[in-house]
Amino acid sequence: MNKLYMVIAIALLTYSASAQSFKKGSFLISLSEGTTYSTFSTTTNNTGNSDVLHTGNITGNRDPITIEYGLTNHWGLGINMGGDIYHADPSKYYGFQTATNDIKVITSELTLDANYHFFVTRHFDLAAFASLGFSSVSFNGNDGDHSYQYKSGGLLVRTGTKARYYITKRFGVMGMVSTFATQNGTDGVKGNTVGNGYTTSLKGSAIEFGLVYRVFR
């Protein structure tokens, strides 16, 4: 009888391991949308010193895509591509005016993500992650007969937690919270007509919800 119990226990453990929502060889694609809450700052070194031009709190819209591959049953390596959209007053942040006193500022990012899946069941997957990569801040447009353009680049660091729930074997929903910091300068950037010598820094948090699809395993 003890041998029978042992066989049943091994069978249950084998089934449980094979039914995990994340494991070695898993390949995930996630699409999400959310809101970013940022402290948006610009500084200028045109006077030879690093002078803060303006700092304010801005809410933006976020729309990234993430892919991840399971290196082990707990560790995954991924890439995140996307960005945020903010609306800012150029007279405050970049020292020029438009008729509407409003410009659309776009941030873009490409990061390498390390994910640790610390709680995994058949349907539920909870992971912590840390990301490091490149970011940029840009805007352009026309104000009457005058056009304006600004682009800056730098590094971005992001950390957070992801939760996924699989409705079927491969399709699920996800939620994510994160904090981030980035600093983007104009050194080496050509073609700017405004904001030369201006550094744009963002620091804040983001909340996202979306869909996830598991391609393999």
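The model is predicted; local features need pLDDT of at least 70, side-chain atom pairs count only at pLDDT 80 or more, and totals for chains, interfaces and linings use all residues. Residues are numbered from 1 along each chain as its sequence is written, and side-chain values use heavy atoms, with hydrogens and water left out.

Start with confidence. The score used is pLDDT, the predictor's confidence in each residue, from 0 to 100. The protein averages a pLDDT of 89. At least 70 is reached by 88% of the residues. Residues 4-18 fall below 50. Beyond near neighbours in sequence, that stretch has three contacts in the model; contact means heavy atoms within 4.5 Å. Where pLDDT is low, the predicted coordinates should not be read in detail.

Now go inside. Helices (H or I, at least four residues) and strands (E, at least two) are DSSP runs, numbered from the N terminus. A nonpolar core is a set of buried Ala, Val, Leu, Ile, Met, Phe, Trp, Tyr and Cys residues joined through side-chain atoms within 4.5 Å. Buried means under 20% relative accessible area, exposed means over 50%, and partly exposed lies in between (1.4 Å probe, protein chains only). The largest nonpolar core has 17 residues. Those touching the most other members are Phe-40, Tyr-86, Tyr-94, Val-105, Phe-139 and Tyr-150. Strands β4, β5, β6, β7 (146-166) and β9 (198-216) each give two or more residues to this core. In soluble globular proteins, nonpolar side chains tend to be buried together.

Phe-139 sits in strand β6 (residues 124-143). Phe-139 counts as buried because its relative accessible area is 3%. Leaving aside neighbours within four places in sequence, its contacts include Tyr-94, Ile-103, Val-105 and Val-194. Tyr-150 is another of these contacts. Phe-139 and Tyr-150 are 11 residues apart in sequence, and their C-alpha atoms are 5.4 Å apart.

Phe-96 also touches Phe-139. Phe-96 belongs to the loop between α2 and β5. Its relative accessibility is 13%, so Phe-96 is buried too. Pro-90, Ser-91, Tyr-148 and Val-194 are also among the residues that Phe-96 touches. Phe-96 and Tyr-148 are 52 residues apart along the chain, with 9.5 Å between their C-alpha atoms.

The loop between α2 (90-93) and β5 also holds Asn-101. Asn-101 has a phi near 50°, a positive value in a residue other than glycine. Asn-101 is partly exposed because its relative accessibility is 37%.

Next come the charged pairs. Side chains of opposite charge can pair when their charged atoms come close. A salt bridge is a side-chain nitrogen of Lys or Arg within 4 Å of a carboxyl oxygen of Asp or Glu. The structure holds six salt bridges. One joins Asp-84 to Arg-62, with the closest N and O atoms 3.1 Å apart. Asp-84 is in strand β4 and Arg-62 in strand β2 (residues 51-62), so the two sit in distant parts of the chain, 22 residues apart. Asp-84 is buried, at 3% relative accessibility. Arg-62 is buried as well, with a relative accessible area of 3%.

Arg-62 also forms a salt bridge with Glu-208, at 2.7 Å from N to O. Glu-208 lies in strand β9, 146 residues from Arg-62. Both residues of this pair are buried. Glu-109 and Arg-158 form a further salt bridge, at 3.1 Å from N to O. Glu-109 is in strand β5 and Arg-158 in strand β7, so this pair ties together parts 49 residues apart in sequence. Glu-109 and Arg-158 are both buried. Salt bridges that share partners join Arg-62, Asp-84, Glu-109, Arg-158 and Glu-208 into one network.

Finish at the surface. Patches are made of residues with over 30% relative accessible area and no salt bridge; like charges are joined within 9 Å, nonpolar side chains (Val, Leu, Ile, Met, Phe, Trp, Tyr) within 5 Å. Accessible areas come from the Shrake-Rupley method with a 1.4 Å probe; for residues, only the protein chains shown count as cover. A nonpolar patch has about 1000 Å² of accessible area, and its residues include Tyr-69, Leu-71, Trp-75, Leu-110 and Phe-119. Strands β4 (75-88) and β5 (103-120) each give two or more residues to this patch. β5 gives the most, with five. Leu-71 lies in the loop between β3 (65-70) and β4. Leu-71 is partly exposed because its relative accessible area is 42%.
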